[in-house]
Number of protein chains: 2
Amino acid sequence: MKKSSKFLTLVAVPLLFVFFITSCNKKAETKETVAESTFNLTIAKAEIEAANKEFMAFFAAGDSVELANLYTQDAKFMNTGAPAITGRRNIQSALSGIMKSGISRAVLITVEVWGTEDLITEEGEISLFVEEAEVFQGKYIVLWKKDDGKWKLFRDIFNSNLPAE
Amino acid sequence: MKKSSKFLTLVAVPLLFVFFITSCNKKAETKETVAESTFNLTIAKAEIEAANKEFMAFFAAGDSVELANLYTQDAKFMNTGAPAITGRRNIQSALSGIMKSGISRAVLITVEVWGTEDLITEEGEISLFVEEAEVFQGKYIVLWKKDDGKWKLFRDIFNSNLPAE
């Protein structure tokens, strides 16, 4: 064997093996890192809290149209003491009715969120006020859906912490 | 150059490149296929419906211990007209109280599910019966968590379709 062929057999070929095995593993690692880092639940929680701030602001302003725009077109407002209301237009009427009944302010507190980049389930606490008097204290689960880059309420259910009077 | 070294340079080394590049790509493809095929929402829905059948059976049997075992240890039972109840033990007491109040049967109907292999959000309809009389008609959202390979209720909220009397 010549020196050049010895070099190929003993050094270059084994080195190529090592190089390809290493690059194979790197490729696999990169894939996993990308899959994990595209979604961050802490950031999503902050986004949901920001959406709730908008909700509270539109509610306090008595703006049922902008409030309903925070829901997806096909949302369900699973109101307590009434059948579920489907669709943004019907939800707007229901929210308008709630405001007209005297409820002037809603306070929403996010307890925890779970989910993915497209769909978040939020657990929270809700209080409703007539002027300064708290008239409803309860808890809720909201399913948020990413709609054109923005989190929108897709399913909204809540109930009271107090027995019906 | 000898024949053996020519073989290495012109055939064996290029072939090794092709072999490794192919195996690299196969590895990547396999990873993607596995990631996509491990979760199927239709199958998950059937699993949730099966879990609800167990729920209904334990409820009808008046077995609050087995019923509570369908919840995760850290579950929240977000009962209507009462603050949320946290933890399997407390949930068992609450369910036992509901049964003792005369509710003998629960009917749960899954409307839709969303989620991933670890966490499913279910929308459903619920009816409660005292013997043959329907005494409660409502809707619910349940957040199910995969716990040791089995779907368990993690968050459970419901409310009535009818105004409080």
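This is a predicted model: local features need pLDDT of at least 70, side-chain atom pairs count only at pLDDT 80 or more; totals for chains, interfaces and linings use all residues.
In chain A, strand β4 and strand β5, the latter spanning residues 133-147, pair in the antiparallel sense over twelve bridges; two strands count as paired if DSSP finds at least two bridges between them. Residues are numbered from 1 along each chain as its sequence is written, chains are lettered from A and ligands numbered from 1 in the order in which they are written, and side-chain values use heavy atoms, with hydrogens and water left out.

Let me stay with this pair of strands. β4(A) and β5(A) form a hairpin with two residues between them, and A:E131 in the turn has a positive phi of about 50°. Across the pairing, A:E122 has A:V142 in β5(A) as its bridge partner.

β4(A) also has a partner in strand β3 of chain A, residues 105-115, and these two pair in the antiparallel sense over ten bridges. They too form a hairpin, here with three residues between the strands. A:T121 in β4(A) stands opposite A:W114.

How many residues of strand β4 of chain A are buried? Ten of the twelve residues in this strand, which covers residues 119-130, are buried. Buried here means under 20% relative accessible area, exposed means over 50%, and partly exposed lies in between, with a 1.4 Å probe and protein chains only.

I turn to chain A overall. Chain A has four helices and six strands, in the order α-α-α-β-β-α-β-β-β-β from the N terminus. Helices (H or I, at least four residues) and strands (E, at least two) are DSSP runs, numbered from the N terminus. Of the 165 residues in chain A, 42% are buried.

Finally, a residue in chain B. B:N52 is found in helix α2 of chain B, residues 41-60. Why does B:N52 count as buried? It does so because its relative accessibility is 3%. Its side chain and that of B:E122 are joined by a polar contact of 2.9 Å. Such a contact is a pair of N or O atoms within 3.5 Å; within protein, one must be able to donate a hydrogen and the other to accept it, and residues adjacent in sequence count only if both atoms are side-chain atoms. Leaving aside neighbours within four places in sequence, B:N52 is in contact (heavy atoms within 4.5 Å) with B:L108, B:T110, B:E122, B:Y140 and B:W144.
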